[in-house]
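Reader: I want to go through how the parts of this protein meet. Please show me the model.

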Amino acid sequence: MSKITAAITAVGAYVPDFVLTNQLLETMVDTNDEWITSRTGIKERRILKEENQGTSFLAIKAAEDLLKKSGTNPAEIDLVLVASATPDMPVAATAVYVATKIGAVNAFAYDLQAACSSFLYAMSNAAAYIESGRYKKVLVIGADKMSSIIDYTDRATCIIFGDGAGAVLFEPNFEGLGLQDEILRSDGIGRDYLKIEAGGSILPASHETVDNKQHYVFQDGKTVFKYAVSNMADVSEKIMQQNNLSHDDVNWLVAHQANKRIIDATAHRMGVDESKVLINIEKYGNTTSATLPLLLHDFEHLFKKGDNIIFASFGGGFTWGSIYLKWAYTKN
Ligand SMILES: CC(C)(COP(=O)(O)OP(=O)(O)OC[C@H]1O[C@@H](n2cnc3c(N)ncnc32)[C@H](O)[C@@H]1OP(=O)(O)O)[C@@H](O)C(=O)NCCC(=O)NCCS
């Protein structure tokens with residue numbers, strides 16, 4: 001029997017209806033459209049306004065979109081993996097609730113948290129399960145309600161993040177398509193530069209932590225930017241080298257949408273033409289775990305069976321990496 005590879009066979013997505021534009025942000029904090037656009041490439045982001053709804057709301061909708069479009073029977077799903085930095089609640093995994101809600105009654109489910117690299121790492125997890133031959137359908141959902149951890153009086157962070165979700169289905173492939181190679185990395189130095197100080201086991205929630213606004217994302221943007229540019233470009237270049245891919249061989253760059261300047265720097269180092277660099281940051285901002293599957297969803301119509309896609313991400317922690325995947329289908 002030929003070797004089993006893990007291919008993406010379906011894609012789904014969901015973003016909330018409410019649009020937070022740069023113009024609206026101008027009325028909330030001391031900022032302006034020109035600054036945001038030139039520094040980040042972002043024009044607007046989506047915000048989940050429904051009361052008492054968390055990340056699972058987004059994840060369920062993205063999964064349902066995938067199931068409907070692909071005609072997948074949820075009872076056949078073996079594993080539901082939710083990549084997220086903003087789970088519904090501590091301890092009880094969001095993925096478990098999502099699996100039950102979508103009818104994945106025979107699946108096991110768990111969350112994976114690696115900040116903005118959560119989805120990339122989850123792709124690696126899913127592929128390993130499939131390649132081993134142990135499971136046949138793994139649903140990977142990247143979902144984040146970033147608005148739940150953002151201080152909308154802090155102009156350094158509130159202009160960047162948005163809410164959204166995307167989902168992909170991994171299945172076995174016998175034609176050599178799907179995930180080909182990966183480079184995944186981490187460095188604990190990052191925990192000082194991008195974090196939420198309180199609410200974890202070091203500093204549990206108290207009146208004081210709330211008063212001090214320690215439950216919101218803090219980011220030293222300049223430092224994170226520096227690490228992101230060099231590390232994301234390094235692994236993307238390296239994965240091309242170790243798979244003997246020239247810039248002509250690469251059909252698409254699917255990179256984490258944190259800042260357009262970081263993506264451009266990565267593409268430049270890879271020597272990949274601008275036309276192959278997929279961008280939707282202007283519409284959604286940084287949706288953390290959802291950026292990669294949202295790109296796949298928005299640009300699925302362009303992909304052809306056999307296309308070489310390089311994924312790249314960088315996130316808090318720090319976490320980063322690159323995946324080389326051969327696309328497995330052409331959409332009619
Ligand atoms: C956040 C980020 C866009 C800021 O851009 P930057 O060019 O580094 O900007 P700085 O933070 O140095 O700020 C430059 C100036 O703009 C000001 N500024 C910051 N936010 C602003 C805003 N929203 N509107 C207007 N001015 C702003 C700063 O106060 C500073 O003013 P000063 O020079 O008078 O002190 C950028 O650092 C970034 O993208 N970092 C990485 C983000 C990332 O990848 N995060 C997630 C990883 S997953």
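Reader: How many residue pairs are in polar contact across the interface of domain 1 and domain 2?
Author: This is a predicted model: local features need pLDDT of at least 70, side-chain atom pairs count only at pLDDT 80 or more, and totals for chains, interfaces and linings use all residues. Residues are numbered from 1 along each chain as its sequence is written, and side-chain values use heavy atoms, without hydrogens and water. A polar contact is a pair of N or O atoms within 3.5 Å; within protein, one must be able to donate a hydrogen and the other to accept it, and residues adjacent in sequence count only if both atoms are side-chain atoms. With both residues at pLDDT 80 or more, the rule finds 20 residue pairs.

Reader: Which element gives the most to the side of domain 1 that touches domain 2?
Author: Elements here are DSSP runs, numbered from the N terminus: helices (H or I, at least four residues) and strands (E, at least two). Several supply at least two residues each, among them helix H3 (55-70) and helix H5 (118-131). The top contributor, with seven residues, is E7.

Reader: How many salt bridges are there between domain 1 and domain 2?
Author: A salt bridge is a side-chain nitrogen of Lys or Arg within 4 Å of a carboxyl oxygen of Asp or Glu. Lys305 forms one with Glu175, their closest N and O atoms being 3.2 Å apart. Between domain 1 and domain 2 the count is two.

Reader: How far apart are the C-alpha centres of domain 1 and domain 2?
Author: The bounds come from an automatic or database domain assignment. Domain 1 is 5-176 and domain 2 is 180-326. Their C-alpha centres lie apart by 14 Å.
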